[in-house]
Amino acid sequence: MKYTSHLKQLSLDTFCSSFDDLDKNNRWVKLGDLLPWTELEKVYNSCVDEAQSAAGNKLACIIIGVCIIKHKFSRSDKETVSMIQKNPYIQYLHCLSNFTDKSLFDQSLFTTIRKRIAIEEINRFTTELFNKGLASKEACQIEKQKCKDDNEELPITCTGDNGVGFMDSQKRTHKGVLKINATCDDAEVRYPVAVDIIHNGYKIADRYIRKIYKWLHIKNIRSFYCDACSFYIELIKRKKKETILIRSTTSAMLNHMKKVLRKLVELFVEFRSSQDILQPHEQCILRTTFGMCSQQSEMFEEKKHQCKDRILCIFQPHVPSIVRSKSETPTEFGEKAGVVANEEYTFIEHYSGNTCNENSKFLLQIQSFKERFGHVPATILADKIYISKAYKTILKEYEIKAYCKPLDRLTKKIKSSEYIEKIGEVVEERNEVECSFGLGKRIYRASNIRAKFPETVGCWTGMCYFVKSMMKVLRGLRLAIFEFWLNLWIDTIANIGLQL
């Protein structure tokens with residue numbers, strides 16, 4: 001390649017480019033060859049309703065590839081479409097036959113994709129990826145076996161001593177390690193302060209009144225937004241907010257908000273067709289605003305800060321508050337996810353906004369493991385909250401080993417040093433689930449869920465952990481190939497040295 005100096009920038013017409021010398025070792029090329037597209041396409045087509053598809057559906061490789069790029073780089077929908085449009089390597093990942101500078105689809109299709117793909121389909125994606133990775137590891141082990149002079153069998157399993165398979169008394173096959181834990185995936189919402197929520201609701205209601213008045217051609221509108229906003233600004237400007245000032249501001253804003261909502265009801269009664277002016281999502285937000293006003297009035301009168309099914313954000317009323325045993329953030333705002341880790345693969349077994357205990361899904365996770373891999377886990381590694389007295393009977397029934405601290409506070413039996421060492425090894429091995437949480441939240445933004453609808457939140461979260469597992473498998477495969485050629489090169493040099 002020649003480098004020449006120019007006094008000005010070349011025009012685009014004289015700029016030459018060629019795609020003949022593309023790097024075949026690019027990560028997106030390797031990933032496109034690694035993924036089991038045929039199996040992934042079958043899983044995706046099973047969740048597509050052909051009766052409701054008018055203009056035909058996009059290919060599964062395009063849909064899944066777009067979600068991979070979005071969550072790998074943590075980009076917005078518009079930026080993801082633009083990135084795919086400019087990168088030939090990423091277009092190869094999408095199984096395109098040639099490079100195109102046109103966008104694959106509009107950014108608004110992302111919402112339809114998230115509504116279509118549920119967590120169950122994403123878990124099936126991860127299962128197919130697991131089968132593909134297992135087959136690749138077995139092939140790599142066979143290649144190593146061929147290069148060895150002796151005919152000793154090499155172990156294919158990559159699990160430790162805890163995952164050694166055995167047959168129980170009921171002739172059930174036990175194999176592998178089940179590592180379970182739960183976390184809260186935070187949503188992108190503002191911290192729920194009463195005056196902030198009331199101010200947002202008042203602003204939305206006032207906006208809808210102006211929209212209806214404009215459609216009815218009514219002028220000289222009397223608005224109370226400036227009066228309510230003055231109370232709000234006076235409070236937030238204060239560095240130290242006294243309780244008396246907070247209650248007086250809340251009372252004044254609630255009174256103004258009730259006037260605005262009463263005015264809306266009068267408009268809907270007087271002009272019955274005025275309600276149809278609002279879009280369906282605007283009507284949903286307005287119903288949430290009425291419910292929020294009722295809750296805030298109840299809490300203000302009873303002088304409390306909690307109520308049943310409290311609305312934390314009028315734009316995302318489905319976001320719950322989860323109380324966690326953490327010193328820095330005792331309360332988190334988002335859905336609760338029960339995660340299962342098997343080697344480098346992560347599955348989401350249950351995902352809901354209910355503040356239920358994790359151990360209520362203990363039996364479900366064992367049964368899902370058996371359906372997914374065809375055998376019962378040999379060992380379960382979990383927190384002490386899972387291994388309770390009520391669920392020790394399940395472990396005895398399935399004859400599964402579990403290493404955890406004793407439930408009683410004062411243990412009379414003195415544990416041996418081997419048992420204490422084993423507990424330490426198990427805790428280190430169980431940290432893989434915690435690492436999955438940290439990697440998923442820090443790199444793939446599982447702690448910043450920006451999906452606005454309750455039916456799209458699960459797809460966003462599941463894709464974060466699916467992409468994490470996929471990139472980890474890709475790194476592991478590259479490392480295995482590198483170790484294979486390195487060992488082959490070392491053995492060749494050693495043989496040459498022996499001959500000399």
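Which residue forms a salt bridge with glutamate 302, and how far apart are the closest N and O atoms? The partner is lysine 304, and the closest N and O atoms of the two lie 2.9 Å apart, a salt bridge being a side-chain nitrogen of Lys or Arg within 4 Å of a carboxyl oxygen of Asp or Glu. Glutamate 302 has a relative accessible area of 49% and is partly exposed, and lysine 304, at 30%, counts as partly exposed as well; here buried means under 20% relative accessible area, exposed over 50%, and partly exposed in between, with a 1.4 Å probe and protein chains only.

The model is predicted, so local features need pLDDT of at least 70 and side-chain atom pairs count only at pLDDT 80 or more, while totals for chains, interfaces and linings use all residues. Residues are numbered from 1 along each chain as its sequence is written, and side-chain values use heavy atoms, with hydrogens and water left out.

By the salt-bridge rule, the count comes to 13. One of these pairs joins aspartate 196 to arginine 190, with 3.6 Å between the closest N and O atoms, and aspartate 196 is buried at 10% relative accessibility.

A further pair belongs to helix α14, which covers residues 417-442 (helices are DSSP runs of H or I, at least four residues, numbered from the N terminus). There glutamate 434 forms a salt bridge with arginine 430 at 3.9 Å between the closest N and O atoms, and because the two are four residues apart in the helix, about one helical turn separates them. Glutamate 434 is partly exposed at 37%, whereas arginine 430 is buried at 13%.

Elsewhere, salt bridges link Lys70, Asp77 and Arg114 in a network.
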